[in-house]
Amino acid sequence: MEAKEILEAYRAGKLTDTAVLAALQEKYREETLHLGFASLDLDRAERCGFPEVVFCAGKTEGQCVEILSALMKKYDNVIGTRADAGIYDRLKNKIPHVLYDSTAAMIYQHKDNRIRNGERTIAVITAGTGDIPVAEEAALTAEIMGNRVRRIYDVGVAGLHRLLARQGEIRAANVCVVVAGMEGALASVVGGLVDKPVIAVPTSIGYGANFHGLSALLSMLNSCAAGVSVVNIDNGFGAGRLAAMINEMR
């Protein structure tokens, strides 16, 4: 019974004070699955629009398999980020629809393929080929969340003509995710070309003074182009999720 149904039953006199408290406590217990080493938030899809996403790095393969199995049995679409092939090898025997993308390092289930946002497109743009793994994490996240994604890769500022040749596709998008390492200048350039939100993703690609993405992060934070927001270094998932949320609102 949902919280609203419990409250309506109480208002109608069908539940006593004791009964309504017991029903609410039981509901809260159902919203959390305790596995000993993890407490899964089973209400997140209803509360936030998508189930809990599993960050696999730092967890054992066994822990990832148990967490992802529980989520994939309950939800059609589930994501595990920063996952390795070993998790997939162990999980595929339990979950028939599980998939693995080695470029994005994502393990996922995508049973519900419906497009939620019509023809509205998210453009995922990279400065270089080395930025593609982070971009694919963003693109695949947005796709699993029901969006059309256009990939525009290797159009960095060192060869500006490449970007300008794709300007029509970029301007047609409803949201742009710009993924760049080195000095991170591409986000500002794209921000100056479009009238849509730009989500900048700094990557750790670059030589020593890039400081593992810190220089790109600071460049993006200091962008003079209006309408550019910035997520954390290498956080493709965060950018994909934010783009999906914006795309659903607009």
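This is a predicted model: local features need pLDDT of at least 70, side-chain atom pairs count only at pLDDT 80 or more; totals for chains, interfaces and linings use all residues.
Let me begin with V78, which is found in strand β4, where helices (H or I, at least four residues) and strands (E, at least two) are DSSP runs numbered from the N terminus. Residues are numbered from 1 along each chain as its sequence is written, and side-chain values use heavy atoms, with hydrogens and water left out.

Is V78 buried or exposed? V78 is buried, with a relative accessible area of 0%; buried means under 20% relative accessible area, exposed over 50%, and partly exposed in between, with a 1.4 Å probe and protein chains only. Leaving aside neighbours within four places in sequence, V78 is in contact (heavy atoms within 4.5 Å) with F50, L68, L71, M72, I107, Y108 and Q109. The C-alpha atoms of V78 and T141 are separated by 9.8 Å, although these residues stand 63 apart along the chain.

Now to the sheet around β4. Four strands form an open sheet in the order β3-β4-β6-β5, with mixed pairing, and two strands pair if DSSP finds at least two bridges between them. Because β3 (54-55) and β5 (98-101) stand at the edges, each with a single partner strand, one side of each is left without a neighbour in the sheet. Inside that order, β4 (residues 77-81) pairs with β6 (residues 106-110) in the antiparallel sense over four bridges, and I79 stands opposite Y108 in β6.

Two helices belong in this picture. Helix α4 (residues 61-74) lies across β3, β4, β5 and β6 and runs at about 160° to β4, the axes being lines fitted to C-alpha atoms, for helices over the stretch in contact, with angles from 0 to 180 degrees between N-to-C directions. Helix α6 (residues 132-144) also packs on the sheet, touching β4, β5 and β6, and its direction makes about 15° with that of β6. Eleven of the 13 residues of α6 are buried, so this helix is largely enclosed by the rest of the structure; among the buried ones are E136, E137 and T141. Just after α6, G146 takes a positive phi of about 95°.

From here I turn to strand β7 (residues 121-126), where six of the six residues are buried, so β7 is largely enclosed by the rest of the structure. T121, A123 and I125 point one way from β7, and I122, V124 and T126 the other way. Five bridges join β7 to the parallel strand β8 (residues 148-152), in which R151 is the bridge partner of V124. The chain crosses from β7 through α6 to β8, and this β-α-β crossover is right-handed, meaning that, with the strands pointing away from the viewer, the path from the first strand over the helix to the second runs clockwise. Five bridges also join β7 to β9 (residues 175-180), again in parallel, and there V124 has V177 as its bridge partner.

Finally, the cores. A nonpolar core is a set of buried Ala, Val, Leu, Ile, Met, Phe, Trp, Tyr and Cys residues joined through side-chain atoms within 4.5 Å. The largest has 21 residues, and those with the most contacts inside it are I125, I170, C176, L186 and V190. Apart from it lies another core, of 20 residues, among them L71, Y75, V78 and I95, which brings us back to V78.
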